[in-house]
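Please keep the sequence and the coordinates at hand while reading.

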Amino acid sequence: MKTRFTRTSLYLALGALATSLVSVQAYGQAKTTYKEKDLGILPAKQEQPDLTGLWYHINERQIQQANEEFTRLKARYPAWQVPQEVETELNRINGRLKGTIKPVVSESTESLQALKKQPDKPASKALPLEQFAQLTPKARANTPKQKVETLIALSNQIKRTDFYLLMGWTAIDKGMLEMATQQFSQALQSAVRDIDKQSAQQGLNSVTGIKLQQALSLRDTTTLEQFLKSDNSGYVKEVLQGAAWQQYDLNNYDFADALFSLVNDYEGRYLSLSAQSSDTAKKRAFDLACSINTEVFIRRCADGLASRQAQFYDTRRYKQSIESGEALARLRPLSVDEQALIGWAAKEIQDTTTATAAFERVLAKTPTDAVIANELVTINQNDEATLNRLALRYSAVKSILQERTTRNAWPRKQFWLAYQNRDARGVTAQTKDGLSAVYGINTRSRSGSEGLGNFDVLSQYIGIGSGYGNWLWQVSLDYKQFYSGRPQVGDWFGNNQLSGAFSGISGFKDKGLRAEAHYQAPDFNFYANLEYAMFDQPVSAKVTGQISATKFLTSTTVAATLFRKAKEDSLLSQTGTFNADHAKPWGYVIESGIRGLVAHAVADNWSVAGTAQISRLEGEQVADNSALSLRGDVSYDIATMISPKLDYWRVGPFLSYTSYDKNLSGFTVGNGGYFSPSQFVSIGGYSELLTLEALNWQIKLRSSLALSRVEQDDDLRFPIGGAFPTADENATLGESSDTGLSGNLMAEGQYRINHNWIVAGYMGKAFAVEYQAFEAGIQVRWREGQGGGVTSDELLLSSPRLSGFAL
């Protein structure tokens, strides 16, 4: 079917679509067929049927519609003798004639010649309109305007619905909008069939749509408002609302706001105003939110107040920040941070009364918050009566008054060595040479493609440890539960593609043992661990472990680690698995290699670092592989610029590169099921923050965001080949490449409950071009003796076993 991409056709389609689809969008383009316009000329009451519609479909090459119309006529007129020319043309468009199909007649003269081939029948007054209906769209569009006006006059005389519709649509095509409105209005009044009424209403909506689009293109809101007031069908409102959202999507927020205002769409107005960069628009969005008494807008008003409280503080408008916080408190309870911000702002303008009240409310909720307690002491240092009252009520204030906690960082984090040397901070913070017992649980989840791309591990462990001389040691028993996604029918797994439901292993439980020791000297750290796990996994367990050493120079730190560990990307790589019929195991990839680190302090607060790792990967019935990883970092410590509550806050850019010789990421025999791109390059920035040492609590936050590029080669699905003759040994994994954002966020913390008990935990989320991962863990630790704080060497992820270096 031919499509005419004229401006008028576009307006026509917009109106039709807006009514028939009840859409909020007012723009679009659609094909308007003879059937959709319902231009079919009703058969006259005569022995021979009217072939207008049939010839129209034949001329337009609407094969299905032509066949359906032919079948309808045959059924309605059983005695009809089908003209030879009709039968010939039907055979031609259906491909039942031999030879080249001739082009369908497209000009009006040729259409009339086809009409002349029909059997003679009495001339009728409607003949000009019937002949006009049989013209091609191109011929009708090229008809002179004067001729169209004559036909419209004839249509008004005959008063047939189909002719009204025919001339209405033609008038739209010719831009004769008022005549089109008159024809569609007459059609709507005379129509009997629902389809005719719908077509007439579509026509009226199309005219309105054209006028609306003209006003929209001119941004004539006055005219649009007049259309809206005069419309009772809801069509104009729908078009304007759709146009408003389109303008919003096009970032034309001013015009979108004007349109949303016309239709009283508060949601759209709020979003349009909020999206604008001007302070005036954002103020209007805030005022709008606070003027509407609904749950959503009250919440937005509260969010706006919270944002303004922080913004006013950041721009040093402290009094306005306090007022915003107090107004927010009248809408909902303040969070600890929001309450504290009132205190910080009041402190800046030396409003001691307001600051004291705010900090007291914070300390009542977080009684061990030494930072807030210290602020209470600082702002009231000349008011002995207030200090005494605070000391009686808050133990943290009392501790600060008795002894100010030292906030200097311990650069090398050698707290065991500090304790051994009887450093006052170390002794006060933690007794490290007593017997300790730990229980912990952690989980790790890797999400990838459907099925085996997903992998979950849940681990529990108990351990005991202590100190001896310059050594710290610990022995632990692990209990792990592994869960993997199941391959789907048609997936490559084992030695072929699965043809039925997977009946093999998708998870199991097992145990393991590990032991570790840590040694510290004034300028040297050493660490070692051994692990044997899992006892009953599909592929025989192996001994794994690592040896790590660190040398501290004046301004440079050098570290190196030898390691042998399981590749923990999937059930296949970490423990091995069985093929689909649970007969043959393969997998359990062991990665052995060396990694190194060099970090150098360039200037005050500035440092550069480089890490490198080379490794070899081997597994049962898995092809051997090699890997190389490089990373460079530049960091600047901004802690002193931000807050005295921080031990450090390092920020800076990084560049990393990882490469594997082979892509063995599949789950067929010979593959290891681990992410092994030929290239994985990331460039971005990172941040690492640590709060003060030796307090009752500590938090460490790490994050990074990078642009990453990953490329995976098209390697074999059966890289070792030959073992399974039924498999297609020439099948490949498929080559792929992708570019996108990658990053991670990790939060660690620990809290001393009392002298003997500490609880620690972590939670992290990572995403890259090819996968997402989540991990979390918690540990409860008991140690004999006395302690009054925590140190970062006992944050769970600071263990050299997990961090990779004895730092």
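**Helix packing and overall make-up**

H10 and H11 are roughly antiparallel to each other, a label given to angles over 145 degrees, where under 35 counts as roughly parallel, 65 to 115 as roughly perpendicular and the rest as oblique. The model is predicted, so local features need pLDDT of at least 70 and side-chain atom pairs count only at pLDDT 80 or more, while totals for chains, interfaces and linings use all residues. Residues are numbered from 1 along each chain as its sequence is written, and side-chain values use heavy atoms, with hydrogens and water left out.

**Whole protein**

- The protein has 29 helices and 19 strands; these are DSSP runs numbered from the N terminus, with helices being H or I of at least four residues and strands E of at least two.
- Of the 807 residues, 48% are buried, where buried means under 20% relative accessible area, exposed over 50% and partly exposed in between (1.4 Å probe, protein chains only).
- Taking contacts between residues at least 6 apart in sequence, 61% join residues at least 24 apart; a contact means heavy atoms within 4.5 Å.

**H10 and H11**

- Helix H10 (residues 161–173) packs on helix H11 (residues 177–190) at an angle of about 155 degrees, and their axes are 8 Å apart; axes are lines fitted to C-alpha atoms, for helices over the stretch in contact, and angles run from 0 to 180 degrees between N-to-C directions.
- H10 passes H11 in a left-handed crossing, meaning that the near helix is turned anticlockwise from the far one by less than a right angle (right-handed if clockwise).
- Residues of H10 in the contact include Phe163, Met167 and Trp169, and those of H11 include Met179, Phe184 and Ala187.
- The contact of H10 with H11 has 11 nonpolar, five polar and no charged residues; Ala, Val, Leu, Ile, Met, Phe, Trp, Tyr, Cys and Pro count as nonpolar, Asp, Glu, Lys and Arg as charged, and the others, Gly among them, as polar.

**H19 and H20**

- The axes of helix H19 (residues 318–331) and helix H20 (residues 336–348) come within 9 Å and cross at roughly 150 degrees, so H19 and H20 are roughly antiparallel to each other.
- The crossing of H19 past H20 is left-handed.
- Tyr318, Ile322 and Leu328 are among the H19 residues that meet H20, whose own contact residues include Ile342 and Ala345.
- Six nonpolar, two polar and three charged residues form the contact of H19 with H20.

**H17 and H18**

- Helix H17 (residues 279–291) and helix H18 (residues 295–314) have axes that come within 7 Å and cross at roughly 135 degrees, and therefore H17 and H18 are oblique to each other.
- H17 passes H18 in a left-handed crossing.
- Lys283 and Phe286 are among the residues of H17 in this contact, with Phe297 and Arg300 among those of H18.
- By class, the contact of H17 with H18 divides into eight nonpolar, one polar and three charged residues.

**Single residues**

- Ala243 lies in helix H14 (residues 235–249) and counts as buried at 1% relative accessibility.
- The C-alpha atoms of Ala243 and Ala256 are 7.8 Å apart, and the two residues are 13 apart along the chain.
- Asn251, in the loop between H14 and helix H15 (253–262), has a positive phi of about 70 degrees although it is not a glycine.
- Ala694 is not a glycine either, yet has a positive phi of about 70 degrees.
- Ala694 sits in the loop between strand S15 (679–691) and strand S16 (697–712), and at 16% relative accessibility Ala694 is buried.
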